[in-house]
Amino acid sequence: MSAALQQHQTALTRTVLVVFAVIFMAPLVIAVLTSFKSPPELTQVLSFPGEFYWQNYSIAFSRMGRGLINSIAITVPAVALSILIGAVAGYPLAYMRGAGGKFVYFILLTGMLVPFQIVQIPLFFLVQGLGLYDTIAGMWLVHTAYAVPFCTFFMRNFFASVPRSMYEAALIDGCGPARYFWKLLLPASTSGLAALAIIQSRAIWNDLLFAITLTSSDQSRPVTVQISGFASSLQVEYGPLMAGTLVSILPVMVAYLVFQKSFVRGLLGGAGK
Amino acid sequence: MIPREWIPTRTTRTHLAFLALPVALFATFYVYPIISSVYLSMHSWDGFSPDMRWVGLQNYKTLLAQPRFFNAVLNNIAWVAFMLIVPTGIGLMLAAILDRGIRGESVYRIIFFLPFTIPAVAVAAIWRWMYEPTNGLITTVLDLAGLGWAAQNWLGDPAVVNASLMGAVAWWTTGFAFLVFFAGLRNIPTECIEAARIEGATSWQIFWKVSFPLLWPSTIIVLGMSAIDAMRLFDIVWAMTQGGPAYSSEVLATQMYDLAFGRFEMGRASAVSVYLLLIAAVVIMPYILYMSSRVQDSEAE
């Protein structure tokens with residue numbers, strides 16, 4: 001390839017990258033600027049705020065502070081429970097031989113294609129019957145249960161990439177299969193568990209559907225429901241709304257930036273070797 | 001020897017004990033509610049009264065005669081096509097460009113991936129502000145460029161609302177496709193690329209004849225997840241338009257929610273959800289079959 005052509009091509013790809021970077025960043029930058037603007041400044045979307053108008057953030061916190069606490073109280077235990085249940089189900093399915101294990105795996109996988117709408121109405125009555133309607137514990141249970149297909153799929157594939165010889169050696173040494181799981185396999189699987197934890201924190205923190213179906217009061221409503229209500233009120237105040245939105249974005253965004261590598265490695269699993 | 005006889009049975013018993021709780025959860029939260037929804041879909045019920053009237057397949061027939069229902073089905077199909085093509089295509093393009101080794105690579109990687117981490121309701125809030133018809137960013141930029149005539153009532157006009165929603169979703173989900181493709185490209189052994197280059201292939205040929213086929217594990221993950229997300233699509237539509245204006249941006253999930261929790265027509269809402277399940281099964285079952293058949297492949301190795 002001639003040097004001129006190559007240079008031309010590099011310039012073209014650079015332009016494409018810059019254009020897309022601007023498109024990707026613009027909404028976030030505008031949201032940050034808006035969150036610091038006083039109400040009269042809002043009409044000038046491209047201007048910088050005259051001075052930092054922190055009041056937007058105090059309004060947002062007074063309206064959504066409780067939701068943020070609820071979101072944390074729901075997400076942290078639900079993530080731990082869901083990756084644990086995925087590991088517990090994935091372990092036997094990775095090691096069982098024969099048609100039985102494959103059948104159970106297939107059935108659990110079909111859960112991934114189920115749109116949650118088909119469970120929504122019975123789930124509402126089921127959770128009410130269990131006395132868990134509008135409780136944080138109810139959200140733990142529901143998020144754990146609906147994570148079973150994906151978490152099982154993920155952890156089964158991860159365990160399948162752990163050398164089988166480790167398992168067989170442990171059994172020959174007299175280590176029981178349950179002991180092997182808790183003492184050897186789980187501690188050796190931290191990278192897979194971390195990747196799954198990241199995926200699950202996004203899914204659970206960001207959930208709206210289960211939250212609007214199964215919670216009704218400030219005692220248990222997560223921040224996503226509050227933002228949704230805030231955004232669809234008749235007179236939307238974009239300053240406080242952008243402030244609250246940005247605060248709700250931060251926890252998962254930071255987690256992803258910190259754990260990005262393990263997320264990618266875990267997602268590609270055995271296929272990525 | 002006794003242990004050889006003994007270990008498998010004990011192992012099997014442990015395995016079954018491990019499976020008990022996940023399977024019980026699956027039965028309680030997937031199987032039972034699905035059966036219950038199918039049962040409900042053959043009734044007329046408001047969710048409160050003890051009077052639940054059997055209507056057979058009437059709800060299904062009524063829906064088929066409704067333009068509102070058909071519109072939601074068509075929207076769902078459009079969403080599947082859109083999710084499979086647009087975020088996947090842009091993500092693949094960005095990953096391929098960035099894979100050639102460009103300065104500032106890690107910064108671009110973070111920028112392209114960031115929107116994916118944001119909750120749907122936050123995407124909705126931000127993009128409602130972008131699409132604000134008088135002061136929003138998009139209208140402002142069009143005005144500045146002298147294209148003010150092209151500005152629309154982005155979320156208020158039935159003719160453009162779906163395209164507006166898709167723009168927001170492309171911004172939101174492209175990062176996932178990008179990151180998975182990028183990781184996949186990084187995993188391709190450089191010898192394969194080098195060999196093709198020595199043979200005299202152009203970079204365009206190398207990408208389509210060598211890299212892209214080797215990207216299959218990434219491609220299957222991205223396509224499968226896109227199809228699943230498209231069928232489950234609810235949050236973003238609900239938070240941005242609630243299906244409006246005049247039901248024009250409705251998908252089956254938001255229609256079902258409106259019928260069940262807005263109008264308390266539990267039977268008809270259940271029938272919508274059964275249709276949705278059937279469509280999802282047709283669209284996604286090939287993916288599930290493929291993923292579960294890959295089990296045998298890995299064990300055979």
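In the predicted model, Glu132(B) touches Tyr238(A) and Thr139(B), leaving aside residues up to four places away in sequence (contact: heavy atoms within 4.5 Å). Glu132(B) sits in the loop between helix H5 (120–130) and helix H6 (137–144) of chain B (helices are DSSP runs of H or I, at least four residues, numbered from the N terminus). Glu132(B) is buried (under 20% relative accessible area, 1.4 Å probe, protein chains only). Yet Glu132(B) has no salt bridge (a side-chain nitrogen of Lys or Arg within 4 Å of a carboxyl oxygen of Asp or Glu). The nearest side chain of opposite charge, Arg128(B), is 9.1 Å away.

The whole structure holds four cavities of 30 Å³ or more. A cavity is a set of points on a 1 Å grid over the protein atoms alone where a 1.4 Å probe fits but cannot get out; lining residues have an atom within 4 Å of a point. Volume is the space filled by probe spheres set on the points. The largest cavity has about 1,100 Å³ of space. Its lining counts 43 residues, with Phe116(A), Arg202(A), Ala203(A), Asp229(B) and Arg232(B) nearest the centre. H10(B) contributes the most, six residues.

The second largest cavity has a volume of about 50 Å³. Residues lining the second largest cavity include Ser71(A), His143(A), Trp205(A) and Asp207(A). H2(A) supplies the largest share, three residues.

Residues are numbered from 1 along each chain as its sequence is written, and chains are lettered from A and ligands numbered from 1 in the order written. Local features need pLDDT of at least 70, side-chain atom pairs count only at pLDDT 80 or more, and totals for chains, interfaces and linings use all residues, while side-chain values use heavy atoms, without hydrogens and water.

Technical notes. Helix = DSSP H or I, 4+ residues; strand = E, 2+ residues; numbered from the N terminus. Buried < 20%, exposed > 50% of the residue type's maximum accessible area, 1.4 Å probe, protein only. Lys, Arg positive; Asp, Glu negative; His and termini not counted. 1 Å grid on protein atoms, 1.4 Å probe; cavity = no way out; pocket = protein on both sides within 12 Å on 5 of 7 lines; lining within 4 Å.
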